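Colleague: Please take a close look at one part of this model for me. I would like the open sheet, its strand pairing and what surrounds it.

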Amino acid sequence: MSRQRFRSIFISDIHLGLRDCQAAYLLDFLRASTCERLYLVGDIIDLENLERRPWWHGDHGAVLAEFFAIAARGTHVTYIPGNHDAALRRFAGQRFAGIDIALEAVHVGADGRRYRVSHGDEFDSGHRAPVWLMRVGDFLQGFVCTANRRVNSLLRRLGLRYRPLSIAIKLRIAAARRFIREFETRVASAARDDGFDGHICGHIHYGRIENHTGVLYLNDGDWVEHCTALVEHMDGTLELLHWTGQQRRLGLTQALASPALPAAA
Ligand SMILES: [Mn+2]
């Protein structure tokens, strides 16, 4: 099988060690692609969950082995820990088996655009939700994941394609829409203040490419519910891919042709 070549691949929120991690789809994507630069944009291993509920699956180890194999083939691999693998942040600046650990990175696209790359939890709103509300949120998230798993195993048995349930649910909840919009705005305005052309992050499990008046907000999504990766083509075009079995372009995917943006000042 010939692999699809990308200049860069950005993936995050894989949550290895969490039952709902879609490791098999991710393995399929990694084995079908090659790239010059691979950015692991946080929440790769869910150390936080592993501490509470130790659980592991062979596919999850295979994903880690694949990352090391990719680095060994000469791809620059950068691992930017997120809040669920924050324990790895203390190794920032070090290199393990060809994988560089960093708190954030600057990616220069083939078209010369400069993107800040970070997990994104630093943009969480300062207002903390009450603990009881966070518990309800955790419960709902678990419920959506379980429902997602059941609906999709049914779809698979019927020979239909994987459908991320939670995108549909989140988009129908006004509070979720507001949360996503406010997060995006904080990320994009910080990128503008610091003179970047865009910011590439993950964290909120909602893949998206959005132009905030000349500054790009790019979220690579997750591999728990949506199975999305942000890829940079050889000409610098960025695209959000949905990968479950066969490659699909998600409804919300936008390929962004280089001339579409005004040059950043
Ligand atoms: Mn996160």
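This is a predicted model: local features need pLDDT of at least 70, side-chain atom pairs count only at pLDDT 80 or more; totals for chains, interfaces and linings use all residues.

Modeller: Start at one end of the sheet. Strand S6 runs antiparallel to strand S7, residues 114–117, and four bridges join the two.

Now the whole sheet. It is open and has five strands, in the order S6-S7-S8-S10-S9, with mixed pairing. Its edges are S6 (105–108) and S9 (208–212), each of which pairs on one side only. On average, neighbouring strands here are turned by 20° against each other, direction ignored.

S9 pairs with S10 over five bridges, in the antiparallel sense. Here isoleucine 209 has leucine 218 of S10 as its bridge partner. The two strands, S9 and S10, form a hairpin, and two residues lie between them. Threonine 213 sits in that turn and has a positive phi of about 40°.

Helix H6, residues 174–193, lies across S7, S8 (198–201), S9 and S10 (215–219). Relative to S10, helix H6 runs at about 130°.

The loop between S8 and S9 holds histidine 203. Histidine 203 is not a glycine, yet its phi is positive, about 75°. Is histidine 203 buried or exposed? Histidine 203 counts as buried because 25 other C-beta atoms lie within 10 Å, and the cut-off for buried is 20 or more.

The second case is cysteine 227, in the loop between S10 and strand S11 (228–232). Cysteine 227 also is not a glycine, and its phi is positive at about 55°. With 25 other C-beta atoms within 10 Å, cysteine 227 is buried.

Strand S1 (residues 4–11) and strand S2 (residues 33–40) are parallel, with seven bridges between them. Arginine 5 has threonine 34 in S2 as its bridge partner. Together, S1, helix H1 (residues 23–31) and S2 make a β-α-β unit, which is right-handed. S2 also pairs with strand S3 (residues 76–79), in the parallel sense and over four bridges. In that pairing, tyrosine 39 stands opposite threonine 78 of S3.

Key. Residues are numbered from 1 along each chain as its sequence is written. Two strands pair if DSSP finds at least two bridges between them. Axes are lines fitted to C-alpha atoms, for helices over the stretch in contact, and angles run from 0 to 180 degrees between N-to-C directions. Two residues are in contact if their C-beta atoms, placed from the backbone, lie within 7 Å. A residue is buried if 20 or more other C-beta atoms lie within 10 Å of its own, exposed if 12 or fewer, and partly exposed in between; C-beta atoms are placed from the backbone. A crossover is right-handed if, with the strands pointing away from the viewer, the path from the first strand over the helix to the second runs clockwise.
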